[in-house]
Amino acid sequence: MSTYVYGIAASSHPALPDGMDGVGKPPLPVRTLKEGELAAIVGDAPEDLRPKRNNLLAHQNVLNEAGAGGPVLPMRFGSVAPDDAAIRGVLAERAEHYHERLKTLAGKAEYNVKASHDEAAALHRVMSENPEIRTLTEANRQAGGGSHEQRLRLGEMVVAAFQSLENEDAVELRHTLEPVAEAISVGPGSTGWLANMSFLVDRTSPAAFLDAVDAVRKSHPHLELRVHGPLPPYSFVEPGPSQPTDTRAGSVGSQTGGG
């Protein structure tokens, strides 16, 4: 049976969650695999693993329980190895890297920040800062909407102004938050977000980072910021032993665990 991987810790970790339940329906027991000075928190992989709510919560709960007792390198949901031997092989092969990551991430948490525009507020800002757009808008209004060419030109100008504002806001957001974090990982772009960034923050004193987020909110009312955290530092584990290749499973040793 394949082996599901939750995370990696030192073998001396005081709270490795042997015996608790993890993913699966019914939930499958969690156990530890030790290799030298490292340990992997694992369990048998369900045959039909899907990212359903109960599985996602179970994965997170195992990491929370283990993380309460010391640093754990979290693997993303769906990380699966062919068997226990494959995991032990990866632990042995990458021991130096994992020790370095455990030391670096001790006491740290991840905060993910996603930014988008409040469309009405962003449009107001674009109009207030661009006299050419205001002039053309007024001219079209007085002309009963303007010609097709005039409407097309206005639309192109507004789109370009929005894109410019998105780029400026993404850069400013990063420049504001990066100095109050210990590391940054830029996530993949997606429709609906002008910025998707994860920050590594001291778990015991996140106030400076959260205050900086609030300062951006106040100074940029046209921005909508969503902050998720504290989270296990998924985005700062690379290269990890596995990462899901689809919603069902991943392969150990061939891909990274962060991202």
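In this predicted model, Pro-230 lies within strand β9, which spans residues 223–231, and the peptide bond that joins Gly-229 to Pro-230 is cis, with omega about 0°. A cis peptide bond is also found between Lys-25 and Pro-26, where omega is again about 0°; Pro-26, however, is placed in the loop that runs between β1 (3–10) and β2 (30–35).

The protein as a whole contains seven helices and nine strands, and 42% of its 259 residues are buried. Of the contacts between residues at least 6 apart in sequence, 72% join residues that are at least 24 apart.

With regard to helix packing, helix α5 (residues 131–142) is packed with helix α6 (residues 148–177) at an angle of about 150°, the two axes being 10 Å apart. Because angles over 145 degrees count as roughly antiparallel, α5 and α6 are therefore described as roughly antiparallel to each other, and the crossing in which α5 passes α6 is left-handed. On the α5 side, the contact is made by Glu-132, Ile-133, Leu-136, Thr-137 and Asn-140, whereas α6 contributes Gln-150, Arg-151, Arg-153, Leu-154, Met-157, Val-158 and Ala-161. Taken by residue class, the contact of α5 with α6 consists of six nonpolar, three polar and three charged residues.

Note on methods
Residues are numbered from 1 along each chain as its sequence is written. This is a predicted model: local features need pLDDT of at least 70, side-chain atom pairs count only at pLDDT 80 or more; totals for chains, interfaces and linings use all residues. Side-chain values use heavy atoms; hydrogens and water are left out. Axes are lines fitted to C-alpha atoms, for helices over the stretch in contact, and angles run from 0 to 180 degrees between N-to-C directions. Helices (H or I, at least four residues) and strands (E, at least two) are DSSP runs, numbered from the N terminus. Angles under 35 degrees count as roughly parallel, over 145 as roughly antiparallel, 65 to 115 as roughly perpendicular and the rest as oblique. A crossing is left-handed if the near helix is turned anticlockwise from the far one by less than a right angle, and right-handed if clockwise. Contact means heavy atoms within 4.5 Å. Ala, Val, Leu, Ile, Met, Phe, Trp, Tyr, Cys and Pro count as nonpolar, Asp, Glu, Lys and Arg as charged, and the others, Gly among them, as polar. Buried means under 20% relative accessible area, exposed over 50%, partly exposed in between (1.4 Å probe, protein chains only).
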